[in-house]
Every structure is written in structure tokens, then in C-alpha cells.
Amino acid sequence: MSMFTLEPLSGSFGARVTRNTQNVHAWVSALEAAQSDLLTPLVEAGGLLLLSDMQSISAEPELLVRISRLFGPHVEDYRQTLTGSHRIHVDVPEILLVTNKQPTNQQPPKQPDPPTAEDGSLPLQFPHRRGWHTDQSYRRPPPDVSLFYAHEPITAKQGQTLYANGIAAYAALSDDLKAQVDNLQGLHVMPWTRYSEEAVRNGEEPMPLLPHQQPQPQPVVRTHPVSGEKALYLCESGQMDWINGPLVGLEPGIHGSGAQLLYKIMSHYTHPDFVYAHHWSAGDLVIYDNRCTIHAATWFDATRYEREMWRTTVSGNPGALYDGESPSWIPKDADDAERMRGIENV
Ligand SMILES: [Fe+2]
């Protein structure tokens, strides 16, 4: 008997996974025993899965790590990547806390300006919507898949997460734009290091970066290592280097030809035709493939609400392009490791 069924999640992409049992613990154990593969449904759905009613994870967080292992060989241990301890689950170091609670105190993004689209709906498209990114794109090799679990979500029509389909967006590019991006590289950098478009616009002094913190080039078009399909792979304001980039070989800076092309690509990538907006319920688990999707958080009223989401990150299959590379973000000496503390590396 099949352990789950799949149905389309939205008109844009994604699949909803329905389990054959209410018992999450038993279901995960059965998947492990059968070596059952959730990666294939993820890839076939364009890189987005939703599992609902997974509240058992809150009582048994290790379940999230076990589910994560169904998607790839390596689940990140955040203690080993110098993430601040206030951002790591106290019992399970593979879980990154995304929360406005103390002591993490991560604030939601600002509201778009204006806060709604012309028809009153939630703004989706860049540059009206800001914050679109794919996780850890400033690392080489970059990760494969993230799992995002709603331990304590916002359910009041705020705090949604938006996901965009990079395979469909690439396929829909004009031939002219395809020719421009096919061999192009973006220059990605750790957020909060003041290389963002906003920081450059505000004249902020960029942080000096150590060897393992340097901006990393990544192809704007990636070939998915499982499906072989091409997908757009790019971020916008906060995770690109707007001083030396954002696009390698094009005029740099916020007024350069690289900036203009990035705006064109990211506006296309985040067109509502390619976007799914997830409104969270407690116990939801969304699994997204960072190799072929981007996502963005939305504002919530942090003066009224507390939110706590849990994330794991799976890596190990970035594609042949990265064969033989050692991790760019691991310090080579202890001094670098010590100085890196305090910089958010998520
Ligand atoms: Fe993210």
C-alpha cells in the first residue's frame, strides 16, 4: 500500500502530500524502513511539497531531522557552522529557529509599499515585494532542500511565505533573455553584511569579509541534478553583492547594467503565474528545493504576535558543477572561526 498520495497544491506548482496514517511517528518509521523516496515527488512537483497536521514534530523535534534525511545525505548541524546559539533548537542542533521570540528576536520583513497590490491582494512580485531568495546561496556548494515547520505560525492573514517556481519561470523567458542569462553568474553574499542594494543605496560601509565569507559566484541558470531541468537561480536585494555585482561581468553597482538585468529577471521570476503563497496553519511542514525555487517571508505584526518556525537544511547533491569543491564557508583557521561568531550564517 502506498504510504501517501499526492495532489496539486496550486495552479503554479507544488504538491500536497496526504499520509496513509494519522500517526506521524509510525509514518516516518515506515518510510525509513521501506527506503521510500519523498525526493522524487518533490522534484516532480517542481520543488515544493506541503504536509499538514504534522504537530507531532513539536513534541518530538527529532522527527523533523529524520524526515529531512529522506531528501539527501547531509542535514546541517548548526553548531558546526557557527550560527549563534540563540538561533539553534536547544535539544536538536539541526533545527534553526526562525522566531521573533527572545532570545532569537528575529523581526519580520517590512511591509511592502504600498502594503497591498492594486486589487487589494498580497503583493507578490519584485520589486514591490522584497526579500526573495534561495537559502544559503552565498555558499559554494549551495544546499539542496530546506524543510520549514510551523511550530507556532501566524494564522491571522499575515506572516505567509511565498514560493516561486524557477523551472517554469526559466521556461517562460523570452529567447532574448535566455540568451542573456544562460552563461551568466550572480554574485551572492551573506545577508546583513551591508552589501545589499539597500545598504549601498544608504551609503553604509560594507563589513570587511574574511576569506570564508567572500561573495560567491553562482550560475543564474542551474541544471537540476535530479531532473536535468533548467531553473533560474538568483536572489535580489539582501543576498547579492551590490558593490562588485550583482551579475559577474556586467557593470556593477545599483545603477549598473547588472542591476537593470537583475531587476528584469527577478520581476519575471516572481510574476504571480509562478508564485504560490502559503498561509500557515500549526503543524504545516513545507519542503522546498533551493536548487529550483526562491521564497520570501511576509510581514506580520510582531508587536501583537509571536511566531516560531523551525528549519532544517539538507545538502549533498548540488550538481556536477560543484564536484570536488570544499565548503567555501568553513573557516580554515581558528582565528577566522572566532571572528565569524556574531555574523548570522543561516
Ligand atoms: Fe529562507
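Guide: In strand S2, Glu7 finds its bridge partner in Arg16. Strands here are DSSP runs of E with at least two residues, helices are runs of H or I with at least four, and both are numbered from the N terminus. This is a predicted model, in which local features need pLDDT of at least 70, side-chain atom pairs count only at pLDDT 80 or more, and totals for chains, interfaces and linings use all residues. Residues are numbered from 1 along each chain as its sequence is written.

Visitor: How many bridges pair S1 with S2?

Guide: Two strands pair if DSSP finds at least two bridges between them. The hairpin of S1 and S2 has six residues between the strands, and Gly14 there takes a positive phi near 95 degrees. Strand S1 (residues 4–8) and strand S2 (residues 15–19) run antiparallel, and the number of bridges is five.

Visitor: Which residue in S3 is the bridge partner of Ala15?

Guide: S2 also pairs with strand S3 (residues 48–51), in the parallel sense and over three bridges. In S3, the partner of Ala15 is Leu49.

Visitor: Which residues does Leu49 touch, not counting residues up to four places away in sequence?

Guide: Contact means that the C-beta atoms of two residues, placed from the backbone, lie within 7 Å. Leu49 is also one of the residues that touch the most other members of the largest nonpolar core, which has 80 residues. Such a core is a set of buried Ala, Val, Leu, Ile, Met, Phe, Trp, Tyr and Cys residues joined through C-beta atoms within 7 Å. The residues that Leu49 touches are Gly14, Ala15, Val17, Pro41, Leu42 and Ile287.

Visitor: Which helix gives the largest share of this core?

Guide: A residue is buried if 20 or more other C-beta atoms lie within 10 Å of its own, exposed if 12 or fewer, and partly exposed in between, with C-beta atoms placed from the backbone. Gly258, Ala259, Leu261, Leu262, Ile265, Met266, His268 and Tyr269 are buried in H8. The largest share of the core, six residues, comes from helix H8 (residues 257–269).

Visitor: What do the buried residues of H8 pack against?

Guide: The expected span of a helix is 1.5 Å times one less than its number of residues. The 13 residues of H8 should therefore span 18 Å, and its end C-alpha atoms are 18 Å apart, which agrees. The packing partners of its buried residues are helix H5 (166–171), helix H6 (175–181), strand S11 (230–232), S14 and S7.

Visitor: What is the strand order in the open sheet of three strands?

Guide: Strand S7 (residues 161–165) is joined to S12 by four bridges, and the two run antiparallel. Within that pair, Tyr163 stands opposite Tyr276 in S12. The pairing in the sheet is antiparallel, and the order is S12-S7-S14.

Visitor: And which are its edge strands?

Guide: An edge strand of this sheet pairs on one side only. The two are strand S12 (275–278) and strand S14 (293–297).

Visitor: Is Gln136 buried or exposed?

Guide: Gln136 is placed in the loop between S5 and S6. Its phi is positive, about 55 degrees, although it is not a glycine. Because 23 other C-beta atoms lie within 10 Å, Gln136 is buried.

Visitor: How does Arg194 count, with its C-beta neighbours inside 10 Å?

Guide: Arg194 sits in the loop between strand S8 (185–188) and helix H7 (197–201). Its phi is positive as well, near 65 degrees. There are 16 C-beta neighbours inside 10 Å, so Arg194 counts as partly exposed.

Visitor: What radius of gyration does the protein chain have?

Guide: The chain holds nine helices and 15 strands, and buried residues make up 44% of its 346 residues. The radius is taken over C-alpha atoms, and the globule rule is 2.2 Å times the number of residues to the power 0.38. For 346 residues a compact globule would come near 20 Å, so the chain agrees with its 19 Å.
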